[in-house]
Amino acid sequence: MNPNLNLWVIPILPLAGATINGFLGKKASRPGVTAVALLFSGAALAWALIVAARFSSLTLPYHEFFAHWIRITGFSADFAFYLDQLSLVMLLVVTGVGFLIHIYSVGYMWDDPSYYRFFSYLNLFMFFMLTLVLAGNYLVMFIGWEGVGLASYLLIGFWFTKDSAASAGKKAFIVNRIGDFGFLIALFLIIKHFGSLNFDQVFGAVMPLPSESAGAGLLTAIGTLLMLGACGKSAQIPLYVWLPDAMEGPTPVSALIHAATMVTAGVYMVSRSHVIFERAPAALTVVAIIGTLTAFFAATIGIAQTDIKKVLAYSTISQLGYMFMACGVGAFSAGIFHLMTHAFFKGLLFLAAGSVIHAVGGEQDMRKMGGLKSLIPWTFLTMGIATLAIAGIPPLAGFWSKDEILWKAYQVSPVYWLIGVITAFITSFYMFRLLYMTFFGDYRGAQPDAHGSHGHDAHGHDSHGHGEPHESPMVMLVPLMILAVLSLVGGFVGWGNHFEHFLAPVFGTVEPAAEAASNVTEYSLMGVSVLVAFAGWWSAYLLYYRRPELPQKIADSLDGLYEAVVHKYYVDELYAVLFVKPLIDGSTRILWQDVDRKVIDAAVNDAGDGARHVSDEARHMQSGNIRSYAGWIAAGAAVVIAFMIWMGMDAR
Amino acid sequence: MVPSYVPLSYYLLLSGFLFACGVVGFLIKRNIITIFMSIELMLNGVNLSFVAFAAHWHALAGQVFVFFVMVVAAAEATVGLAIIIAVYRTRETLNVDQVNLLKL
């Protein structure tokens, strides 16, 4: 019998923080708001650590039931939590990285007039994200799923007076709706065929089913629709377009929601549903192809971006693509492993980018940075570590997880592996490009007396000394350092497949055959990965440090292609032509001009006009002539009497 | 054999005839006094049916009703005639077709 862990406390704590700050924060002082926000998110982390400490003594999966929610014949759903190795990893990532980013935000957002609102939203996000990862059935998971979408919307549009931020928030929300539609249909299918949404019951019912290797079937449909949901939340082709725009939000938000945690919810959901996917090879192939393509295309877009946060945004999409590639080849634990290491180094990259933006007075364009290495040494150091980690330089975190994914992908199809390796090269290239453009060379930003207006992230940083780039305060640097340490050593949990063995009870046993399979191949593939990582580094070094004039020449020689990449392959424009414009035109012409004005408005107006016309005629009855009144009375009486006779009432 | 009493239907026919006379008079006459008399005729037509039924069913209620109707008719006559005098004083006519301000 399991002890009671009171898992419910973990999400409730940030919710309490959000409520207190949301309702009382406006009147409270900044230190008060800070104390509430950090106390509650820190307490959630502490509770999660307690759970982790007691984890080995539990019989898994651990269930926690709170209340009945829906009870009808043939279906039931409860408020229930569920803890296994997978949820524990997510729990620790969310609370750990979340808490660090809370600390960082204290420094980053200190001068924002809506300081309390920011922390209220951030805590609210923590609540929903924790609900999502701890959910014991798909319905509770869906609460979290929609809730993080809401928090994401609120935080992207945090500076809502700025038009672009408000639009970006809307875009994220609407694009996510498309994915959620798929997720919902998948849930309906599950309810219809299995009569439950509880993980145990659904997976128990799916387990004995045969693999749908012949092609399409129920599980393939469910899997594909779940993947559509994951595409929305985790920004995969074709629904990735919202994530780059989401960079309108404050940088800590980009780090927490749009890099470390929320966007990985899709990977978590697919991994959680691995029982379904494993029996639907077609759906798995869809996942793998989407992941691989997204990884590659997003990486190529990342090459040509000049906004430091946009580079990181496309990098995030690309890394998420890796995770889906891992899921798609059935290596769910490798996907979760990359999810974890990615949370460390990408969270760090965003926070460091925030620190850079903070240092140069809100500027986000890398062309106006440069030479910051000696001015903000701590930021440079931590960001350098994160860059090495994401580029896949051993022995940092990113190397282990990415190599694991590539190795698993190779076992399924060398094509995935090849694209993955090319993507790894591009990743390494654009990340070192970012590093060189930002920290090396000469400072190209505004001079101390020449800065009038700041870039569009100007709300979040302090308002003193924009001229000379300056290092961020300690409260921002400490989270950077902690994450840097995690990025350095976080990969070692994958040493000797420890991580995979830890997750084995969730994803099924590790095949000894695969483990023992030709070490030569594995090591040579590893060698290739390392090689391309260094090749990417070297290319970036050459192009952006030694010969900074070269990139422009190359760009000029690749005229059309370069333009296409700079414009993100015109995907936004394509979507605008294909979906947005027809929708707006259709709504304007048909729904507004025709349906609304000519049918609905016309019906209402005609009803009013008709009533007036009829009464205009009828008012002549009221002539003022007493004899006509009497006539009407007599006629009426005659009619009543005739009616009574006709009905046979005279018989009584 | 001739019945020793007048049948109910005779009374009712007479009552209906009186009432119909009243209705027709009300509808075709223009003089307010005549209209007023037509109303009285209708009332008394109804009164006749009341007493006829009362006698037929040996029920007293019909008789009592007639007294009520007479009392109300008397009260109405006083008020009505007062209004007629007032109308005549202001409009100098008793033609109802010229007293038609009570309209839109």
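Me: How are H13(A) and H14(A) oriented to each other, parallel or antiparallel?

Reply: Please bear in mind throughout that this is a predicted model. Angles between N-to-C directions over 145 degrees count as roughly antiparallel. Helix H13 (residues 281-304) and helix H14 (residues 308-328) of chain A have axes that cross at roughly 155 degrees and come within 7 Å. H13(A) and H14(A) are therefore roughly antiparallel to each other. Their crossing is left-handed. The contact of H13(A) with H14(A) is made up of 17 nonpolar, 9 polar and no charged residues.

Me: At roughly what angle do the axes of H17(A) and H18(A) cross?

Reply: In chain A, the axes of helix H17 (residues 397-412) and helix H18 (residues 414-439) cross at roughly 150 degrees and come within 6 Å. By the cut-off already stated, H17(A) and H18(A) are therefore roughly antiparallel to each other.

Me: Which residues of H17(A) and H18(A) meet?

Reply: H17(A) contributes A:Lys402, A:Ile405, A:Leu406, A:Ala409, A:Tyr410 and A:Val412. Their partners in H18(A) are A:Pro414, A:Tyr416, A:Trp417, A:Gly420, A:Val421 and A:Ala424. By class, the contact of H17(A) with H18(A) has 10 nonpolar residues, 1 polar and 1 charged.

Me: Let us turn to the chain as a whole. How many helices and strands are there in chain A?

Reply: Chain A has 26 helices and 2 strands. Along the principal axes, its C-alpha atoms fill a box of roughly 110 × 70 × 55 Å. Of its 652 residues, 50% count as buried. Among contacts in chain A between residues at least 6 apart in sequence, 80% join residues at least 24 apart.

Me: Which residues touch the most other members of the largest nonpolar core?

Reply: The general idea is that, in soluble globular proteins, nonpolar side chains tend to be buried together. Here the largest nonpolar core has 210 residues, and A:Phe125 and A:Val287 touch the most other members. Helix H15 (residues 332-359) of chain A supplies the largest share of this core, 18 residues. A second, separate core has 5 residues, among them B:Val23, B:Phe26, B:Ile32 and B:Phe36.

Me: Which residues does A:Val287 touch, not counting residues up to four places away in sequence?

Reply: With those neighbours set aside, A:Val287 touches A:Met227, A:Val270, A:Phe277, A:Phe324, A:Cys327 and A:Gly328.

Me: Is A:Gly291 buried or exposed?

Reply: A residue counts as buried if 20 or more other C-beta atoms lie within 10 Å of its own. A:Gly291, which is placed in helix H13 of chain A, has 35 such atoms and is therefore buried. Not counting residues up to four places away in sequence, the residues that A:Gly291 touches include A:Gln236, A:Gly321, A:Tyr322 and A:Phe324.

Me: Where is A:Ser355 found, and is A:Ser355 buried or exposed?

Reply: A:Ser355 is found in helix H15 of chain A. It is buried, because 29 other C-beta atoms lie within 10 Å. A:Ser355 also shows how separation in sequence and distance in space can be read side by side. A:Ser355 and A:Leu480 are 125 residues apart in sequence, and 9.2 Å separates their C-alpha atoms. A:Leu480 is one of the residues that A:Ser355 touches, and A:Ile376, A:Thr379, A:Ser472 and A:Met476 are also among them.

Me: Where is A:Ile237 found?

Reply: A:Ile237 is found in the loop between helix H8 (218-233) and helix H9 (242-245) of chain A. A:Ile237 is buried, with 21 other C-beta atoms within 10 Å. Beyond residues up to four places away in sequence, A:Ile237 touches A:Ile290, A:Leu293, A:Thr294 and A:Phe297.

Me: How many residues of helix H11 of chain A are buried?

Reply: In helix H11 (residues 265-272) of chain A, 8 of the 8 residues are buried, so the helix is largely enclosed by the rest of the structure. Among these buried residues are A:Gly266, A:Tyr268, A:Ser271 and A:Arg272.

Me: How many residues does the contact take from chain A and from chain B?

Reply: The contact takes 10 residues from chain A and 10 residues from chain B. On the side of chain A that touches chain B, there are 3 nonpolar, 5 polar and 2 charged residues.

Key
Residues numbered from 1 in each chain as written. Chains lettered and ligands numbered in written order. Axes fitted to C-alpha atoms, helices over the stretch in contact; angles between N-to-C directions. Helix = DSSP H or I, 4+ residues; strand = E, 2+ residues; numbered from the N terminus. Parallel < 35°, antiparallel > 145°, perpendicular 65-115°, else oblique. Left-handed = near helix turned anticlockwise from the far one by under 90°. Nonpolar A, V, L, I, M, F, W, Y, C, P; charged D, E, K, R; others polar. Contact = placed C-beta atoms within 7 Å. Core = buried A, V, L, I, M, F, W, Y, C linked by C-beta atoms within 7 Å. Buried ≥ 20, exposed ≤ 12 C-beta atoms within 10 Å, placed from the backbone.
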